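Please look through the structure below, and then follow the paragraphs that come after.

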Amino acid sequence: MSKKHQKHAKITKPNYGQFARQELAILGTPCGEIKKISQTISEALADQYSIAYVDADHKSADDSTLTGTSLDHGNELEYVDMINFHRFDTRSAMNPWLFRPYFNDQELVIVNGNHFEASQQIVVIDSRKSLEKKLHKLTNVVLILLPEGESIIPDYLRHHIENIDQIPTYLINDLSQLTQWIDQQLKQSIAPLNGLVLAGGKSERMQKDKSQINYHGKSQKTHMLDLLSDATQKAFFAIREDQAEEKDSIKDTFTGLGPYGAILSAFRHDPNAAWLVTACDQPFLTHEVINLLIKKRNPSKVATAFYNPDTDFPEPLITIWEPKSYPYLLQFLGQGYSCPRKVLINTDIELVHLDDPSVLRNVNTPDEYEAAIKEIK
């Protein structure tokens, strides 16, 4: 029998829902009540997380006019700087592939489930709003809310939702319990941290392979891998396409882009992990420096990086890149940029200051090597 033709490359997909990685549709009660629940959650958690809300306008098509916007005069898109916020109006039809870039930075998207679907659902048991015709939306119910006076879960929900009695059930007025539950879910959703040692350089200035230099009783790349292995879930070497493959290595699949391609290749390998990336030519990095960066990690940001006073910029080659940075890296590449530092400068990052930033320096030349050997000894 002939082998089945594979049309598309098998690529690991990010864990997206309709809008974002973490989304909750609330349904089973009137839209005004859903909005109140959403506002309660946002007011309690907005200081800790980036939260978005998705709803629909209840005006009829005739009432939803474009009066006052340039879309009423033939434009397809309008941007208005509202001073305190920014507004985009568009005629374009929307779908999950277009929604996700807009919601990429949000750690939680709360969705009016009466109008939209989401990957997880909170069901409100409300006798005013039957869910019998919306059972197709109940694919992953994670929480049940009971308004005052409601205590009986309808039989049609019991027949549709498997193990419904094991799903957490709270009184809708118990706001602290509701927000604590969501806070716990968001903490559990923080991406695991992998390590990546950039070992694919050609060492042209050093005139010998920098990754094989012995500063600490072993090759420098092994030393760096050991540092990251102690601090992350799993550590890998990033190597060029033409290098011999070795254990725990990720080959460059974005060739000719240097470190930028290595970071993208790591995300292609696992887009649902965060990546702590270091160069292999930083012999002054220590467990303490690595652990400080991890301690200061802010998963709400695109990345967490050290400030380098020598350049007056973030240092991209010892940085924790969150999963939300992957679309940004691809977006910048699509605009013709392959500089990790440019991405850090132009996105929302956590910047960490060191008491001794000299530990960040690279050793690239024979003279720098001689000086480094003396200092380390």
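**A helix crossing and some salt bridges**

Helix H1 passes helix H4 in a right-handed crossing, meaning that the near helix is turned clockwise from the far one by less than a right angle. This is a predicted model, in which local features need pLDDT of at least 70 and side-chain atom pairs count only at pLDDT 80 or more, while totals for chains, interfaces and linings use all residues. Residues are numbered from 1 along each chain as its sequence is written, and side-chain values use heavy atoms, with hydrogens and water left out.

The axes of H1 (residues 31-45) and H4 (residues 175-188) come within 10 Å and cross at roughly 65 degrees, which makes H1 roughly perpendicular to H4 (a term for angles of 65 to 115 degrees).

Elsewhere, the structure holds 12 salt bridges, each being a side-chain nitrogen of Lys or Arg within 4 Å of a carboxyl oxygen of Asp or Glu. In one of them Glu322 pairs with Arg297, with the closest N and O atoms 2.7 Å apart, and the two residues, 25 apart in the chain, lie in separate loops. Both Glu322 and Arg297 are buried, that is, under 20% relative accessible area with a 1.4 Å probe and protein chains only.

Another salt bridge joins Glu315 and Arg341, at 3.7 Å between the closest N and O atoms. Because Glu315 lies in strand E14 and Arg341 in helix H9, this pair ties together parts that are 26 residues apart in sequence.

How values were computed
Axes are lines fitted to C-alpha atoms, for helices over the stretch in contact, and angles run from 0 to 180 degrees between N-to-C directions. Helices (H or I, at least four residues) and strands (E, at least two) are DSSP runs, numbered from the N terminus. Angles under 35 degrees count as roughly parallel, over 145 as roughly antiparallel, 65 to 115 as roughly perpendicular and the rest as oblique. Buried means under 20% relative accessible area, exposed over 50%, partly exposed in between (1.4 Å probe, protein chains only).
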